[in-house]
Amino acid sequence: MAQVQVQPQAQMSGSNGAASGTAAAAPSGGPAVQFQSTSLYVGDLEETVNDSQLYEMFSQLGQVVSVRVCRDITTRRSLGYAYVNYSNPIDAVRALDVLNFTPLNGKPIRIMYSNRDPSIRKSGAANIFIKNLDKTIDNKALYDTFSVFGNILSCKIATDPSGQSKGYGFVQFDQEEAAQNAISKLNGMLLNDKQVFVGPFVRKQERENAVNKAKFNNVFVKNLSESTTEEDLKIIFGEFGNITSSVVMREGDGKSKCFGFVNFENADDAAQAVEGLNGKKFDDKEWYVGKAQKKSERELELKAKFEQNMKEAVDKYQGLNLYLKNLDDSIDDEKLKELFSEYGMITSCKVMKDPNGVSRGSGFVAFSTPEEANRALLEMNGKMVANKPLFVALAQRKEDRRARLQARDVHPFN
DNA sequence: ACTGAGCGA
């Protein structure tokens, strides 16, 4: 078993945390289906996994009655899940226990009992979120650590495309009580010497709503028509309560920037105004109305969004994106595209520039397949372009690059 | 830094 070393973060009275929680593991009134079903749902399948591969694997644990990878009715493409039916429920339990998270074609499968009623899955009840997990903790270790508290319907560590743990994961139990127990026993504990957070799963949207529940008096409004004035704002927002000030932001010549602020005496009125006016149309313009952010808050949010976008872009282009340097200043996006297009289909292409628009001598070219990218790398690296030898390498993730530079004790030149 | 998707014959 891939048990994880569990330690209490602080001394707990006569308890060693998880190990004492075994009483919770008793299936007190759990659904009977868990214990006699012969039908397994096998999900997270790699695209090309087929029936015979699954049969070979699952029949080692008992007599398999049927195996079926579900496919799109017209394209026949795998839907990424399958059903495996055993003749004996005991074999099904063993298969789930032994084969869960076994990689097939490089991707760990995730096994659950088949249940055609989606209500439990959809409800998201008894679903918990775990973060700050040590990267060496894998699906099995997570499963074994949490199964002490009850029946797990599904469990998974979030990973990047290469399979590396992102340090957080999910466990869904069949009973609310088990989830509560797991949270109270394991939140703040050390798993492999890292203090983990264990809490109820909360959808991103709902987390953001919670943040926005903070009281505020100042309201931001944008997408105003150019003719909308402070007076108009006073009248429209005044319906929701007393206003201490309203302003439409303007250029030096008095032209509206089409956004403004309205300050309420009363925070509840401000919230009502957001609720009542956001998305409403005035002069054919759909207003955005929301809590006004301080400049620092707004900058933080924009920065976070920017970094998130960068990260997603890098992930998407992993193995497809080439990093270039020692580019001559005369080479712009267009010329770069011409230079590389003979090696394949270019999906994006960019010369990095300083704020004055002058080339920084570096850039990126992304291809539609890793093969194209590789060939372009081999052929173009060191090639003389505008009298300068071009440097070409696979673009690296930011954090990988930092780690590599640190390892060699080299410092970035920029 | 970081909060999911998933059920047929």
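**Notes on the model**

1. Let me begin with Val 49, which sits in the loop between S2 and H2; helices (H or I, at least four residues) and strands (E, at least two) are DSSP runs, numbered from the N terminus. Val 49 counts as buried because its relative accessibility is 1%, where buried means under 20% relative accessible area, exposed over 50% and partly exposed in between (1.4 Å probe, protein chains only). Leaving out residues up to four places away in sequence, Val 49 touches Leu 54, Val 69, Arg 71, Leu 104 and Asn 105, a contact being heavy atoms within 4.5 Å. The C-alpha atoms of Val 49 and Val 69 are separated by 8.0 Å, with the two residues 20 apart along the chain.

2. A word on conventions: this is a predicted model, in which local features need pLDDT of at least 70 and side-chain atom pairs count only at pLDDT 80 or more, while totals for chains, interfaces and linings use all residues. Residues are numbered from 1 along each chain as its sequence is written, chains are lettered from A and ligands numbered from 1 in the order in which they are written, and side-chain values use heavy atoms, with hydrogens and water left out.

3. Next, H2 itself (residues 51–58), whose buried residues are Leu 54, Met 57 and Phe 58. They lie on the same side of H2, because they cover an arc of only 85° around the axis, taken from the directions from the helix axis to the C-beta atoms. Their packing partners are S2, S3 (64–71), S4, H3 (89–99), S5 (103–104) and S7.

4. Phe 58 leads us to the largest nonpolar core, which has 48 residues; such a core is a set of buried Ala, Val, Leu, Ile, Met, Phe, Trp, Tyr and Cys residues joined through side-chain atoms within 4.5 Å. Phe 58, Ile 128, Phe 146 and Phe 173 have the most contacts inside it. H6 (residues 176–186) gives the most to this core, with five residues. A second, separate core of 19 residues includes Ile 346, Val 351, Ala 373 and Met 380.

5. Phe 101, in the loop between H3 and S5, has a positive phi of about 75° although it is not a glycine. Asn 105, in the loop between S5 and S6 (107–108), also has a positive phi, of about 50°, and is not a glycine either. Phe 101 counts as buried at 11% relative accessibility, whereas Asn 105 counts as partly exposed at 39%.

6. Finally, some base contacts. A polar side-chain atom of Arg 116 lies 2.8 Å from a base nitrogen of DNA strand B, and one of Arg 207 lies 3.2 Å from a base nitrogen.

Technical notes: Polar contact = N/O pair within 3.5 Å; in protein donor to acceptor, adjacent residues only side chain to side chain.
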